Amino acid sequence: MQEQIKRLKVIATVILMTGCWSCENELKHNYRLWYNAPAEKWVEALPVGNGRLGAMVFGTPSQEKIQLNEETVWAGQPNNNINPDALTAIPEIRKLMFAGKFKEAQELADDKVMTKTNQGMAYQPVGDLNIAFPEHDRFENYYRELDIASAITSTRYTVNGVEYRRETFAAFTGQVIVVRLTASRKGKVNFSAWLSSPQKNEITVQGDELILRGISGDQEGLEGKVKFTTEVKIVPEKGQLSAEDGKITVSYADAVTFYVSIAGNFVNYRDISGNPDDRAKSYLQAALQKGYQTLKTEHIARYRDYFDRVQIDLGETDSIGKPTDVRILEFAQANDPQLAALYFQFGRYLLISSSQPGGQPANLQGIWNDLMNPPWDSKYTTNINAEMNYWPAEVTNLSELHQPFIDMVKELSVSGEATAKAMYGTRGWVLHHNTDIWRLTGPVDHAVSGMWPTGEAWVCQHLWERYLYSGDTAYLAEVYPALKGAALFLLDFLTEEPERHRLVIAPSNSPENAFDKRQNLTNAYGITMDNQLAFELFTNVMSAAKILGVDAALADTLQQTRQRLVPMHIGQYGQLQEWLLDWDDPNDKHRHVSHLYGVYPGNQISPYRTPELFDAARTSLNHRGDPATGWSMGWKVCLWARFMDGNRAYKLITEQLKLTDNAQTRHRGGGTYANMFDAHPPFQIDGNFGCTAGIAEMLMQSHDGAIHLLPALPDVWANGKITGLRARGGFLIHLEWENKQVKTVKVKSLLGGNLRLRTSTPLTLSGKDLPPAMGKNPNPLFPVMDILAPVIAKGVQLNPPAVKPTLEYDISTEKDKEYVFSIK
């Protein structure tokens, strides 16, 4: 009875705060970010997007600001940043490195390898839609929200007894941003609206339309040539409309709808011959033919086709009745499991909103940016951040949204071919640690971070992983040339180091971390992450060639070369060495944990197959500590999930969900902004995606030869349910647990084939015992690598993996059939 009373109080609080009267259902799926004050800064505004268009909505009663983005508005124009001086410098750099002269080698790389043209172009804003409301500076009963179950943000407040409402969404089907203004009394909607932009622009008013034509900015001597047009149609219901001085004023209307159309001249990374006026007009006319209600209905339906695939219930407490910023502030000390579920789903919301088939991949800030010169240019940082954006794509059932990244990799395999040939004299293609919309592949910034020629190997992991989830051989044949080209580059670029006579990638760096902090030296050879990437890429290309029945000779070469790579080393502290030499410092708290790639997102390190490396990698992660930049903590959630330590993974979630840069806290480090954007700081969206992937990994894993149920469940989530996760092999997972044990699991087999379940809970199928698994999983979509034996420092004492004992079952499945398992 007491529990029912408590639940009714929570429901009543939600009704009061959100105006939601379908209370029981909506409480269970209360996917809302809500606040009782307007946004005062950009990282408090609420994001909407449809993959191509993005907007940040502030919700200020007296003057609304809707900051606008379009995914192809970048500085500059088609170009490359190849430095041909590298070709003759690389042998000398290697000679210096092998002689122990790392400082001189890094200086030579700075001088002869780094680009001399540009460091890549910046992603830039379109501008702002501004709407001023006279006499709305004194308001009450304020409320704003982002409903991520429908991808609509809304604001409401009262002035002089009249309730005003605003609604904004980026229409998935209409390719416009829609803003709807209403009032509780007729004739009370009054405002002036205008466009503004930090870009070079020209603004005109044509009847009931605001039009802004602009061109993107110059950068590093490269002229901006991306032209764009913003066309805003203002449609009042009754009332009066007038135009003057670049503004449109509406008086005494019952309601008003804004249709915001934006388009540019970008066709592809080599072609900017499109007509922005024609494109913007076309989008606008199509939207107007549908009208507000149809656009909204279609928008919600299209969005929910993605979002509703996965539902998660971790429980709820009365914290759900508090504003989102307060919940974030209190999360580490409060019992608020629903906030973790909301954060998980918010990551999925951001991916749906920033990455749609046929468009650009989500960049460092997704599609949301208000600055002409954003941090790190809001590019694609390919030594972790761009890849992390897509970690949740397959496992959280958003595979189609992976396509923009896959398409970018295919384009990079073309632009990177010229770079590989001109700079290194190799076959295949290369990518360094950054790219942009122009698909540059040369090294940027300084050698300390930019001298990293293995970006192509990391992005190619996504090509292969997508195949393991889908089993689609036609897709594999489509991406095989990119996989093969990356392998050919590494085959040619590898060189023998003189002491061990092993093949190494040189020069390179363990992303952005210095082995000599005093001199800031990062450039070295035989780096652990590079060795893992090369081993993985060669293995995947060998497998792909066999599946497709091609390149048997190449596969044989890859196999022989793979055996000559440097194996992983366990150093003097029992740690997985980050470098070939035992340079690791147990007090190093660097944000990158690149040598743990083989744990996550790779699968070379396992408690079942490589227990020594598993313990050493865990030691390395313990050395790094927990607090870090926002995205780094997202990665650590994934890593602790792979180490099957749910409580430690959850501790990292509490570190990541730490309110940052807000009036209620002095915290300025890595964490989460009031609008749930990840804080590096500044804002980087990859941390959101990393943590979403990490929560999925805590509940289900499929990388290590089986589908592992509840591998890293924290004590605080003793009961719960998640539906719709995707596992490798083409399996859909619906999982419910009680008292930290699997209660039921429903598996839908999309492809057929062997289903191997790994669980700590004995299971039955229709009341019948299940056959135990024997040997390797015969399903080819669950491959595990036979890696090189590790080199272990003398005298090092290693610990056993100490993971929970499990049972493994094999079930032969039929395509499109469902199987329901329950606790024995």
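Two strands are said to pair if DSSP finds at least two bridges between them. The model described here is a predicted one.

Strand 3 (residues 53–57) is paired with strand 4 in the antiparallel sense, over five bridges. Within this pairing, Met56 has Gln67 of strand 4 as its bridge partner. The two strands form a hairpin with five residues between them, and Gly59 in the turn has a positive phi of about 75 degrees. Strand 4 is also joined to strand 5 (residues 127–132) by six bridges, and these two strands run antiparallel. Here the bridge partner of Gln63 is Ala132 in strand 5.

Why is strand 4 described as largely enclosed by the rest of the structure? Six of the eight residues of strand 4 (residues 63–70) are buried, so the strand is largely enclosed.

Strands of a sheet pair through backbone hydrogen bonds, either parallel or antiparallel. An open sheet of nine strands in this model has antiparallel pairing and the order 1-6-7-8-9-16-13-12-11. Strand 1 (32–35) and strand 11 (200–206) stand at the edges with a single partner strand each, so one side of each has no neighbour in the sheet. From one strand to the next, the twist averages 15 degrees.

Strand 7 (residues 152–159) and strand 8 (residues 162–170) run antiparallel and are joined by seven bridges. In this pairing, Thr158 has Glu163 of strand 8 as its bridge partner. Helix 5 (residues 276–307) lies across several strands, including strand 7, strand 8 and strand 9 (177–183), and runs at about 135 degrees to strand 16 (255–264).

**Helix 4**

Helix 4 (residues 102–112) has as its buried residues Phe102, Ala105, Gln106, Leu108 and Ala109. These residues cover an arc of only 160 degrees around the axis, which means that they lie on the same side of helix 4. Among the elements that cover them are helix 3 (86–98) and helix 11 (447–450).

In soluble globular proteins, nonpolar side chains tend to be buried together. The largest nonpolar core has 244 residues, of which Phe191, Phe258 and Ile733 touch the most other members. Helix 13 (residues 473–493) gives the most to this core, with 13 residues. A second, separate core of 11 residues includes Val176, Tyr259, Ala287 and Tyr292.

**Aromatic pairs**

A search of the whole structure finds 41 aromatic pairs. A pair of aromatic rings is described by the distance of the centres and the angle of the planes. Two of the pairs are set out below.

| Pair | Centre to centre | Angle between planes | Arrangement |
|---|---|---|---|
| Phe102 and Tyr525 | 6.1 Å | 20 degrees | stacked |
| Trp464 and Tyr467 | 5.3 Å | 40 degrees | tilted |

Trp464 and Tyr467 are three residues apart in helix 12 (residues 455–470), so about one helical turn separates them. Both Trp464 and Tyr467 are buried. Ring pairs also link Tyr31, Phe172, Tyr303, Phe307, Phe346 and Tyr349 into a cluster.

Note on methods:
Residues numbered from 1 in each chain as written. Predicted model: local features only at pLDDT ≥ 70, side-chain atom pairs only at ≥ 80, totals over all residues. Heavy atoms only, no water. Buried < 20%, exposed > 50% of the residue type's maximum accessible area, 1.4 Å probe, protein only. Helix = DSSP H or I, 4+ residues; strand = E, 2+ residues; numbered from the N terminus. Axes fitted to C-alpha atoms, helices over the stretch in contact; angles between N-to-C directions. Contact = heavy atoms within 4.5 Å. Arc of directions from axis to C-beta. Core = buried A, V, L, I, M, F, W, Y, C linked by side-chain atoms within 4.5 Å. Phe/Tyr/Trp six-rings, centres within 6.5 Å; stacked < 30°, edge-to-face > 60°.
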